[in-house]
Amino acid sequence: MDAFYAGALTVADLPIMDGSVTVDRGSKTRRSLSLTIADPKYLPWKELDPLAVYGQQLVVSRGIRFANGAEEWVPLGTFRIDEPAGDVHFGPVTVTGKSMECAVIDDTFQVPTTTLGLGGCFDAIESLIRATLPDAAIVNLTAGNRNPACATITWDAGADRWEAVTQIAVAMQAELFVDAQNRFVVADMPNVLTGSVAWDIAEGEGGTLIASSRQMSRTAVFNAVAATGENASSATAPVSYVARDNDPTSPTRWGGPFGKVTKPISSALWLTVGDCQAAAQYALFDATAPNVQTSIDSIPNPALDGSDIVRLDHAGRLERYVVQALTVPLKADGDFSIILRGGKEEAAS
């Protein structure tokens, strides 16, 4: 773990005694850092001290050292330091930090801001982020690097810049986050049915699974999505579309025993019925997914990321899941916990 300020290395190989990196798809800042340093000399006193809160950053990796002395490292993220604290005489020093979505979140619009003239959706996202972080790495990893036309929308002064760019990402049926390499990534939503498996986790001899538990809930499961679009800037009439789960074999089919549960969504970026239809049908796939939360502990895999798809072999079942959240320990014997969402059973080979 190295400390940086204004792009310059200030401390290499910070001597940490404990810590973890948490990745959470449900959080506005996808990555968060918590660590403990024994030596109280690292407690900041002045604005330019390495662990102060004036733009100082920590670049975190976890790795392995082989018997021949070679090392292999996996990046876990770049974190702006938010809160250092500790006993001034004896320590330890605790530090928390967040990935760089936080910089965009902090930079609310100072004046009314519009997408007019910004080009496609990805162009608009890039422009709005670079207004805060001119040197940010921003990549389009959607299928075909799509960049659909972006409707004109205006945000008021004081509006949340990050909410604005994520709203545009949703309009292009994608998600936006900062990854372990400190890049702002626009990517397709994970599809547990068709996505490639990033890691197989199995119990028993030769497997990596230590423990698992399972919880099922009706919460956040819907069988209809009602999408509406209304944009005063475009001088177009309001539009809408309702997508329903009409599969007669589906346990969440509209009008079946599950009942009728509608999820409303809206965006000023949807100008036509076709826009609303595409958004509603795209959202319905996720809305009808079973709210099955599986929590597991396994041998650490620091390369695993949020939105990855894993295949879990446990309790005699072989299932695919999307990684919703995970915590990577920064010491060798720490717990590696993963929260998995959804689930699609596979036939055993």
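In this predicted model, D13 lies in the loop between strand 2 (8–11) and strand 3 (16–24), and its phi is near 55°, a positive value in a residue other than glycine. Most residues other than glycine have a negative phi, and most peptide bonds are trans. The two residues are set out below with their accessibility.

| Residue | Phi | Relative accessible area | Class |
|---|---|---|---|
| D13 | near 55° | 59% | exposed |

Helix 4 comprises the 15 residues 273–287, and at 1.5 Å a residue it should span 21 Å, which agrees with the 20 Å between its end C-alpha atoms. Its buried residues are C276, A279, A280, A283, L284 and A287. Because these residues cover an arc of only 140° around the axis, they fall on the same side of helix 4. An α-helix has 3.6 residues a turn, so residues three or four places apart point the same way.

What do the buried residues of helix 4 pack against? They pack against strand 15 (224–229), strand 16 (239–244) and strand 17 (262–266), and helix 4 lies across these three strands, running at about 30° to strand 16.

The three strands form an open sheet in the order 16-15-17, with mixed pairing. Strand 16 and strand 17 stand at the edges with a single partner strand each, so one side of each is left without a neighbour in the sheet. From one strand to the next, the twist averages 15°. Strand 15 and strand 16 are paired in the antiparallel sense over six bridges, and T228 stands opposite S240 in strand 16.

Taken as a whole, the protein chain has four helices and 21 strands. Its radius of gyration is 23 Å, which agrees with the value near 20 Å that a compact globule of 349 residues would have, and its C-alpha atoms fill a box of roughly 65 × 55 × 35 Å along the principal axes. Buried residues make up 42% of the 349 residues. Of the contacts between residues at least 6 apart in sequence, 66% join residues at least 24 apart.

How values were computed: Residues are numbered from 1 along each chain as its sequence is written. This is a predicted model: local features need pLDDT of at least 70, side-chain atom pairs count only at pLDDT 80 or more; totals for chains, interfaces and linings use all residues. Side-chain values use heavy atoms; hydrogens and water are left out. Helices (H or I, at least four residues) and strands (E, at least two) are DSSP runs, numbered from the N terminus. The expected span of a helix is 1.5 Å times one less than its number of residues. Buried means under 20% relative accessible area, exposed over 50%, partly exposed in between (1.4 Å probe, protein chains only). The arc is that of the directions from the helix axis to the C-beta atoms. Contact means heavy atoms within 4.5 Å. Two strands pair if DSSP finds at least two bridges between them. Axes are lines fitted to C-alpha atoms, for helices over the stretch in contact, and angles run from 0 to 180 degrees between N-to-C directions. The radius of gyration is taken over C-alpha atoms; the globule rule is 2.2 Å times the number of residues to the power 0.38.
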